[in-house]
Amino acid sequence: MIDTKLRTLLSLANTKNYTETARELNLTQPAISHHIRLLEEEFHTHLFIRVKNKIKLTPEGEILLKYARRINALYDNAQAEIEACTSNVRHLTIGITQTVSEVSMPQIIAIYTSEHPGTQVAVVTDTIKNITSQLKLYKLDIAVVEGDVRVQDYVPVLLDTDSLCVIVSPQHPLAKRHSVTFEDIRGEKFILRSKRSGTRALFANYLDQYNAAIKNLNVTIEIDDVSVIRELVSLNMGISIVARSACVEDVQRGRLAVLDISDADMSRDINMLCHKDFAHPEILDDFREIYHRLYSAGIDHTAEPSYAQGEDEV
């Protein structure tokens, strides 16, 4: 069990109320105050200040909270790994971004668990920022993300290189084209990912070269669910910008037409990440091998696995 004082800090930082924290931890309010005072004496700093009758973490308190969360996650991981060793069951928590969830990563995980009995996987889907933050705090064993991810202290394995494309309904006038330019699509109705998505950011960077912005386009719907976007586009409700790998099956079934963007390169890597001290880094290679089996007919897999260490921080 981690230091009781750190548990108090974690709870108080969440509730921002001494009474609620005391109730949550089944302690008295003076005990909560005593724990915080001991931490402040230990680190020779103030951890909380009062602002308009509310408590707020100081910058020093934010630093200690960050490490307290990491310590708590490491303790939980240690407990889970010991239980797994005793019961011969391996527990994994894997974080994936929305785009990655659409390239059959859940199917890859399902195949892996069927081929490796005794493995249980919890999948978390979130934005790339939140996924990498959870990995940093050891709340995740593995992260699978797309885009430009700078890594430090992680083992990266390249899953694939993907690119963004325009998708339209087979009934759309552009459907018979192989590629389009910005001028071809600027007047279309768009169904786009939300502002926090990596896909949206990459498309916004593409628009910069034309001194344009997404706000200048006719965006009728913004939604994070890529499967819903594909469905709406297939019904000819608008066009969209998505990862090519996310619509392979729809193209094969004739539900969507995919167009290259001829005046830009919007390619990006899909990487799997884990900490250097992760006990089973071979799992990343197993995932990549399964991915190749599933997509060998439709995606280029010429790149070899890479374990090169990055120099920049996430």
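Modeller: I will start with Asn211, which is found in the loop between α9 (198–208) and β9 (218–222); please keep in mind that the model is predicted. The phi of Asn211 is near 55 degrees, a positive value in a residue other than glycine, and this deserves a remark, since most residues other than glycine have a negative phi. Asn211 counts as exposed because its relative accessibility is 75%, where exposed requires over 50%.

His44 has its place in the loop between α3 and β1 (48–51), and with a relative accessibility of 72% it counts as exposed.

Within helix α3 (residues 29–43) itself lies His35, which counts as buried because its relative accessibility is 13%. Apart from neighbours within four places in sequence, His35 is in contact with Thr4, Lys5, Thr8 and Leu27.

Two further helices complete the picture. In helix α6 (residues 105–115), the residues Met105, Ile108, Ile109 and Tyr112 are buried; seen down the axis of α6, its buried residues fall within an arc of 100 degrees, and therefore they line one face of the helix. In helix α4 (residues 59–87) we find Tyr67, which is partly exposed at a relative accessible area of 41%. Together with Ile63 and Ile71, Tyr67 forms a nonpolar patch on the surface, with about 280 Å² of accessible area for the three together.

Definitions and conventions. Residues are numbered from 1 along each chain as its sequence is written. This is a predicted model: local features need pLDDT of at least 70, side-chain atom pairs count only at pLDDT 80 or more; totals for chains, interfaces and linings use all residues. Side-chain values use heavy atoms; hydrogens and water are left out. Helices (H or I, at least four residues) and strands (E, at least two) are DSSP runs, numbered from the N terminus. Buried means under 20% relative accessible area, exposed over 50%, partly exposed in between (1.4 Å probe, protein chains only). Contact means heavy atoms within 4.5 Å. Patches are made of residues with over 30% relative accessible area and no salt bridge: like charges are joined within 9 Å, nonpolar side chains (Val, Leu, Ile, Met, Phe, Trp, Tyr) within 5 Å. Accessible areas come from the Shrake-Rupley method with a 1.4 Å probe; for residues, only the protein chains shown count as cover. A salt bridge is a side-chain nitrogen of Lys or Arg within 4 Å of a carboxyl oxygen of Asp or Glu. The arc is that of the directions from the helix axis to the C-beta atoms.
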